[in-house]
Amino acid sequence: MATQHSRSAARLMMAPAVILLLGWMLVPLTMTLWFSFRNYFPLRPDREPGWAGFDNYVRFFSSSAFWPSVQTTLVIVGGVLLITIVLGILLAILLDQPMWGQGAVRILVIAPFFVMPTVSALVWKNMFMDPVNGLFAHLWRFFGAEPVVWLSDASLGSIIMIVSWQWLPFATLILLTAIQSLDGEQLEAAEMDGAPVHKRFVYIVLPHLARAITIVVLIQTIFLLSIFAEIFVTTGGAFGTRTLTYLIFQRVLESQNVGLGSAGGVYAIILANIVAIFLMRIVGKNLDA
Amino acid sequence: MGRITLEKVTKSFGDVNVIPPLDLDINDGEFVVFVGPSGCGKSTLLRLIAGLEDVSSGRIVIDGDDATMVPPAKRRLAMVFQSYALYPHMTVRKNIAFPLRMAKMDQAEIDKRVNGAASVLNLTDYLDRRPGQLSGGQRQRVAIGRAIVREPAAFLFDEPLSNLDAALRVGMRLEISELHKRLTTTMIYVTHDQVEAMTMADKIVVLRAGNIEQVGSPLELYQAPRNTFVAGFIGSPKMNLVAGAEARKHEAETIGIRPEHIDLSDTDGLWKGRIGVSEHLGSDTFFHITSDISSEPLTVRATGELSYEYGAEVYLSPRLEHLHRFDAQGLRIA
């Protein structure tokens, strides 16, 4: 049978990709699970390696740093999502207006997305947020105010600001394409039906953007749960900016406790899944139809 | 009431002058059709009346009030768009209720009007569906429903039937005419299809390049086209227009004769021709006939029974009382 043939041929040809992807995911996952049940201190010859049972899980969970790190993670994810989506919608509407130099402006808006996280965090830290020489400090002094020591006094807000700056272009781009696909006659019909600008936005534009917003939320959440470089090069996890990812990093590399860090990794997977379930419940229905 | 008057209205987009100064009177309760080829400015004119475009100069008066600067929502006009422009995320009920909700009408009155419109338009069973689940004709009816619940001074239709298939188009044409008879509200209807214009209109406005070529009832336009453009545009199949030596015999630059006003004969007639393509419609037959008097083939409409071989020689006799004569400027000679 031709279909039988082509089906098995298709399976055969898909196999390399599937095996590669599965291996890519399964090998590290299995290793993490394995290490999480072990006492494993590669650089500390004084500690004996061996089987640990659930000790690592209990220690990671009962550590005083655990819940604050979960909270920090969620605050950063939530804050960045809020800022990028609100500003993203506004920017997308703005960029949708016909104007001179539209192409160039759009590329400029997208530019921050191409800057590596480490670089952008360093630029923000040294150029903008430095309490002595930063642009913000100069601005504050110009108005006679005391410069804010951003990364220690408003550490969480500063990190949210940096990460939002990086992800705003992504949100803007997706939302802009969505806005461009809105049928102009719908807006005109609403205008004739007596809907003023803000009601047209609420009743026509926002529902039209629902699916794009869902996509932005889902994709950004995946990446934001694991932000690391921005924290590493700015606060180093101090001043209440230690996320779950950062806590795991500290356990593995600073305490040289691979087993404990791996247990944290498993918690991170669980957290990500809980967030994903909630997101799917709240916004996932927009992806139907 | 829905009396609309345009006074010296013009519209230009940048340097391009789309509508030169234009005057038009639309009486209360009239069904007016703007007809013309693509790009003649008929949709622009409708959008000017709706207020979706601003006039460059001139005045639009609705029921005696200057509405030139009045925003679209305040003009008491309802529009049905070519794409229907239904709100895809709302049910049919919410779509139809939308203008009433925007007007902050109370819920009981909204329900009453929506249900009324739905029963008039046979939409009662579909009120809880979304536009995506409806057929083209049903979407069209929802769009009309959204317009009639507002009880506007006039309805504006922008090529509403062009997205429907031929059979549905004939049906919707009747429904809209029926609706007009029942509501007796002013309707302005834009189309490029002269059949829609002829069948529906009380008054046809023929437009070319923003200029009004002629205004009149369908029969006036058919029987006495003011110029060659209207003569060629109104009527299907098109009027035969013949210029040159044959026209000068009738003291005109161009003569026009409708396909139904030419008789065919095997033996004698005024003109001689050779049968080209024949189109048999059953009720009628259209012959395309090449002849010496014109480079364009002449179209002749005959009864459905008549049949000629391709290439057969025939004689044509125009009924001279139905001959239209036009001068060098293309204007009708009375």
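**Notes on a predicted two-chain model**

1. Let's start inside chain B. L298(B) touches N240(B), G273(B), I289(B), S291(B) and L316(B), leaving aside residues up to four places away in sequence. You will find L298(B) in strand 16 of chain B, which covers residues 298-303. Is L298(B) buried or exposed? It counts as buried, because 22 C-beta neighbours lie inside 10 Å and the cut-off for a buried residue is 20 or more. Have a look at P259(B) as well: it is 39 residues away from L298(B) along the chain, yet their C-alpha atoms are separated by 7.9 Å.

2. Please keep in mind that this is a predicted model. For chain A the mean pLDDT is 86, and 97% of the residues reach 70 or more. Where in chain A is confidence lowest, and where is it highest? The lowest mean, 80, belongs to strand 2 (residues 50-51) of chain A, and the highest, 92, to helix 3 (residues 66-96) of chain A.

3. Now step back and view chain B as a whole. Its secondary structure comes to nine helices and 18 strands. Along the principal axes, the C-alpha atoms of chain B fill a box of roughly 75 × 45 × 35 Å. Of the 334 residues in chain B, 40% are buried. Among the contacts in chain B with a separation of 6 or more, 63% are between residues 24 or more positions apart.

4. The domain assignment divides chain B into domain 1 (4-230) and domain 2 (237-326). Taken over C-alpha atoms, the centres of these two domains of chain B are 38 Å apart. P237(B) sits in the loop between helix 8 (228-233) and strand 11 of chain B.

5. Follow the chain on to strand 11 of chain B and you meet a sheet. Three strands of chain B form this open sheet in the order 11-12-18, with antiparallel pairing. The edge strands are strand 11 (240-243) and strand 18 (324-326) of chain B, each pairing on one side only. On average, neighbouring strands here are turned by 25° against each other, direction ignored. Four bridges join strand 11 of chain B to strand 12 (residues 254-257) of chain B. To see the pairing for yourself, find A243(B), which stands opposite T254(B) in strand 12 of chain B.

6. Another open sheet in chain B has four strands in the order 2-1-4-5, again with antiparallel pairing. Why is one side of strand 2 (16-26) and of strand 5 (65-66) of chain B left without a neighbour in the sheet? Both strands stand at the edges and have a single partner strand each, so one side of each has no neighbour there. Strand 4 (residues 57-62) of chain B is joined to strand 5 of chain B by two bridges, and V61(B) stands opposite D66(B) in strand 5 of chain B. Helix 1 (residues 42-50) of chain B packs on this sheet and touches strand 1 (4-13), strand 2 and strand 4 of chain B. The direction of helix 1 of chain B makes about 115° with that of strand 1 of chain B.

7. How do the two chains meet? In the contact between them, 13 residues of chain A are in contact with 15 residues of chain B. On the side of chain A, helix 9 (184-192) and helix 10 (197-224) of chain A are the elements that give two or more residues. Helix 9 of chain A provides the largest share, six residues. By class, this side of chain A has five nonpolar, two polar and six charged residues.

8. Finally, a few backbone details to look up. F239(A) has a positive phi of about 55° although it is not a glycine, and it is found in the loop between helix 11 (229-234) and helix 12 of chain A. F239(A) counts as partly exposed, because 17 C-beta neighbours lie inside 10 Å. In helix 12 (residues 244-254) of chain A, the buried residues include L244(A), Y246(A) and I248(A). Just after helix 12 of chain A, Q256(A) also takes a positive phi of about 55°. In chain B, N122(B) is not a glycine either and has a positive phi of about 60°. N122(B) lies in the loop between helix 3 (107-120) and helix 4 (136-148) of chain B, and it is exposed, with 12 other C-beta atoms within 10 Å.

How values were computed
Residues numbered from 1 in each chain as written. Chains lettered and ligands numbered in written order. Predicted model: local features only at pLDDT ≥ 70, side-chain atom pairs only at ≥ 80, totals over all residues. Pairing = 2+ DSSP bridges. Axes fitted to C-alpha atoms, helices over the stretch in contact; angles between N-to-C directions. pLDDT = per-residue confidence, 0-100. Domains from an automatic or database assignment. Contact = placed C-beta atoms within 7 Å. Nonpolar A, V, L, I, M, F, W, Y, C, P; charged D, E, K, R; others polar.
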